2 protein chains.
Amino acid sequence: MSTKTLTALKAALDPKAWSEDPDELAPHVRDWRGRYQGASPLLLKPSTTQEVSRILSMCNETGVAVLPQSGNTGLVGGSTPQGEVVLSLKRMNAIRAIDADNDSLTCEAGAILESVQGAAKDVGKLFPLSLGAQGSAMIGGLISTNAGGVHVLRYGMMRELVLGLEAVLPDGRVLSDLSGLRKDNTGYDLKQLFIGAEGTLGVITAATLKLFARPASTAVAIAAVESPAQAVDLLGHMKDATGSVAAFELMPKIGLDLAVNHLPGARHPLDSDPAWTVLIELVSPEIDRAQTLMESALESAFEKGLVSDAALAQTEAQMAEFWALREGIPEAEKAHGKAAKHDVSVPVSRMPAFMEEATAKAESLLDDALIIAFGHVGDGNVHFNVARKTPGSGDDFVAACAPVTDAIYDLVDKHGGSISAEHGVGVLKRAELARRKPAEVAVMRAIKQTLDPNAIMNPRVMLDID
Amino acid sequence: MSTKTLTALKAALDPKAWSEDPDELAPHVRDWRGRYQGASPLLLKPSTTQEVSRILSMCNETGVAVLPQSGNTGLVGGSTPQGEVVLSLKRMNAIRAIDADNDSLTCEAGAILESVQGAAKDVGKLFPLSLGAQGSAMIGGLISTNAGGVHVLRYGMMRELVLGLEAVLPDGRVLSDLSGLRKDNTGYDLKQLFIGAEGTLGVITAATLKLFARPASTAVAIAAVESPAQAVDLLGHMKDATGSVAAFELMPKIGLDLAVNHLPGARHPLDSDPAWTVLIELVSPEIDRAQTLMESALESAFEKGLVSDAALAQTEAQMAEFWALREGIPEAEKAHGKAAKHDVSVPVSRMPAFMEEATAKAESLLDDALIIAFGHVGDGNVHFNVARKTPGSGDDFVAACAPVTDAIYDLVDKHGGSISAEHGVGVLKRAELARRKPAEVAVMRAIKQTLDPNAIMNPRVMLDID
């Protein structure tokens, strides 16, 4: 790390645009779950795209590594510095424009997801990305990690919600396309490179996002199914019958039990005690219509034998209760003990076989294994977590699970799946990525080399360029 | 062009995999509209991905330029060879797999759009891409040009319909990801590079595409509006009121008049003679529901003063008649005389101002100007064509329109638009692209240089690499 560059950076920037104060740096050099502790000599806090450009071009000239950071809510160690300067987008949080006729919103990279959702709501529109960290996750990071969440089934991943980007290349050049076009076939779609690149190709400074009409009605139900295979059949039925499935989340009995026991005042939504349940959300542009649709689609599902029991939320409060059960699983699981977590995806049709094989494999490799597999079955994305029946496991257990993780990833490969469905590669999975996708990684490295020849952008992340 | 390479290619390939027969080459060396006449020494017709890989690696070693070609239905000269060898995908037309539970279909690049639509229909699903050339356009070309069409508003451009690709790099390496995942955050999304690249980065050999539930009901109406501004207001109303607008096409009085006069048996759908009409298509997963939705949404539009007259198709035959009017405009326009055509987009909110300014500009620059502006207003994409009131214009007129085109493109820039919304760059717009997006083109060229260092892939197209 060149002290000369740091001194030059501080001299070139507004005093508000940097800090060396350890107290201010502290939250920027560790991840929120406390799994990664890092260090950085300097926190940069530009307030304009021009400042970002100046910073990158200075760092590029002297080979100073930069870690771009927005909400720092990631799970895979991609935003914890180990000596890099931290470039925080937190001061660039303006909502620059909302164009209701064009169904688009333009904001800076540091805008918090919840405030973008709110700004869309204020003009009667919906920005549909929705996930646990929405109160602190920022748009730049959500784009850089191609965030998912619970509404991917209807609205797509973050990639599908981006109409345009403003991004600064490592050499300081600015690419800007914020006009919000839905159709533009003038050459390669360069924004796609930055989406999901985890900050390794440049810094996203602003984005134009897609807005949608707000549904006039929403219905939420929890239904009992026999197995993941039946959940997939039910999903197909609900999609065909309603055309408006906004979320379809699978929960195992153990997941629901843990959540009910952990959450104050929570109770089981069904009198039966099924092996699996699904949470289904439908939306409609018509008032009261979602409820009617849900009732009739569940009725025909009963007739087809796809569902054995179901509860339909009757009030908004009850909808929130149902969702709280689903959203409470990770926290309840954490309270039970540490687990080896696997954010994987397979084709929806392969989900049942994968779940069965992965469960059998984990149980054969580990005594006392407790499989807590839940999540976005509608997208083929399951959080396949391996815990212990005995409560109170610690990091030792997770470390001992390495062979289980390996076996699970092999099964993911066998079923044509992904070892990182929505959380990204970060530093956690970079070795696995290199091992499992060598041909693709070779091309990624060539692109990285082209756009970031001095390897200043997040060099330890994803591709591990050294 | 190295004769040695051609001889080596012929020797290395199955005799069915190449041809020098002028009769067989003829349709491959000119475009279907007869605007581009080219030449090629050799037509390659591989039947497997391995053959494509062998061809590219041999051409790459000796610097032989390759023009990949699928249905050859493009409008911008991107698929007409000028000395390159033609690599036709026409023998690679298999539908490899349909996975109804995963809502996905895997086919080879030479599969014709209509047969993909049909295969989806056979399993009760929908592949929504829909455009005039669907009887001959092939999937590889539709992906390479990121095709649009009339249902982009609901289902997106081709880019949004691709789950995975198999593509051969210029050096023969094969990248393959055909498992149909909806979520995969393992590194850069490399398939995005090939989508819309117009064959300049490699050859797409197969794709996994998204399928959808088939709507159980469809409604089509033609409604009178005062102006493009009112059309945009009506679009907003219909989106909010129905949530299921599948198409929203603007037609000027002159466009409808030309179509009615040109098409045998056609008649005006409205008794009034409005300055502008829109064709609206709604879909619903429920039987008969689309019709009801259309009626109530048009009723409230009347009450709001957004529509002055409307006709709702009562039968499937009438829906087809309404669509025939819209689809008949290009042909009717052609029969009237040649026109300077502009496939442009602007943000939906800017459409009214753009239309007004571009019309005034064209009329001020040309005596006898007849503006025929129609198309996908829901996507901000208009085909802004400039003809003459006097019938029978020829190529001279189009050539004389160069200053008009320039002025129109300047207005597109002013409104943050694109000079190629859905047709692509090809050879027709490569100079304009270089002139209007220099920063982006520099990055595109760097990527091209990385993946295709010997510039063998469609070198004259889009970036004009020589």
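# Notebook: salt bridges, domains and the A–B interface

I began with A:Lys10, which forms a salt bridge with A:Glu20, the closest N and O atoms being 2.7 Å apart. I count a salt bridge when a side-chain nitrogen of Lys or Arg is within 4 Å of a carboxyl oxygen of Asp or Glu. The pair links distant parts of the chain, 10 residues apart. A:Lys10 sits in helix 1 (residues 3-12) of chain A, and A:Glu20 in the loop between strand 1 (18-19) and helix 2 (22-25) of chain A. Helices (H or I, at least four residues) and strands (E, at least two) are DSSP runs, numbered from the N terminus.

I noted the ground rules next. This is a predicted model, where local features need pLDDT of at least 70 and side-chain atom pairs count only at pLDDT 80 or more, while totals for chains, interfaces and linings use all residues. Residues are numbered from 1 along each chain as its sequence is written, chains are lettered from A and ligands numbered from 1 in the order in which they are written, and side-chain values use heavy atoms, with hydrogens and water left out.

**Entry: accessibility of the first pair.** I looked up both partners. A:Lys10 is partly exposed at 22% relative accessible area. A:Glu20 is partly exposed too, at 39%. The cut-offs are under 20% for buried, over 50% for exposed, and partly exposed in between (1.4 Å probe, protein chains only).

**Entry: other salt bridges.** The structure holds 62 salt bridges over all chains. I picked out B:Asp413 and B:Arg436, whose side chains meet at 2.7 Å, N to O. B:Asp413 lies in helix 15 (residues 402-414) of chain B and B:Arg436 in helix 16 (residues 430-436) of chain B, so the pair ties together parts that are 23 residues apart in sequence. B:Asp413 is partly exposed at 37%, whereas B:Arg436 counts as buried at 16%. In chain A I found a network. Salt bridges that share partners join A:Asp406, A:Asp410, A:Asp413, A:Glu432, A:Arg435 and A:Arg436 there.

**Entry: between the chains.** How many salt bridges are there between chain B and chain A? The count is 16. In one of them, B:Lys210 meets A:Glu160 at 3.1 Å, N to O. B:Lys210 lies in strand 10 (residues 203-210) of chain B and A:Glu160 in the loop between helix 6 (152-155) and strand 8 (162-168) of chain A, so the pair joins two chains. B:Lys210 is buried at 13%, while A:Glu160 is partly exposed at 23%. I also found A:Lys210 with B:Glu160, again in a salt bridge, at 3.1 Å.

**Entry: the whole interface.** The contact (heavy atoms within 4.5 Å) takes 77 residues from chain B and 80 residues from chain A. The buried area is about 6100 Å², and carbon and sulfur atoms give 55% of that. This is the accessible area (1.4 Å probe) that two parts lose on being put together, summed over both. In chain B, the residues that lose the most area to chain A are B:Lys183, B:Asn185 and B:Tyr188, together 17% of what that side buries. I find 41 residue pairs in polar contact across the interface (both at pLDDT 80 or more). A polar contact is a pair of N or O atoms within 3.5 Å; within protein, one must be able to donate a hydrogen and the other to accept it, and residues adjacent in sequence count only if both atoms are side-chain atoms. Helix 17 of chain B gives the most to its side, with 10 residues. That side divides into 31 nonpolar, 24 polar and 22 charged residues. Here Ala, Val, Leu, Ile, Met, Phe, Trp, Tyr, Cys and Pro count as nonpolar, Asp, Glu, Lys and Arg as charged, and the others, Gly among them, as polar.

**Entry: A:Ser418.** Is A:Ser418 buried or exposed? A:Ser418 counts as buried at 2% relative accessibility. I located A:Ser418 in the loop between helix 14 (402-414) and helix 15 (430-436) of chain A. A polar atom of its side chain lies 2.9 Å from the backbone oxygen of A:Ser420. Beyond its neighbours within four places in sequence, A:Ser418 is in contact with residues including A:Asp343, A:Val412, B:Lys183 and B:Asn185.

**Entry: domains 2 and 3 of chain A.** Chain A is divided into domain 1 (3-88), domain 2 (95-213), domain 3 (217-335) and domain 4 (337-414). The bounds come from an automatic or database domain assignment. The C-alpha centres of domains 2 and 3 of chain A lie 30 Å apart. Their contact takes 5 residues from domain 2 and 12 residues from domain 3. About 650 Å² is buried between them. I counted 0 salt bridges and 1 residue pair in polar contact.
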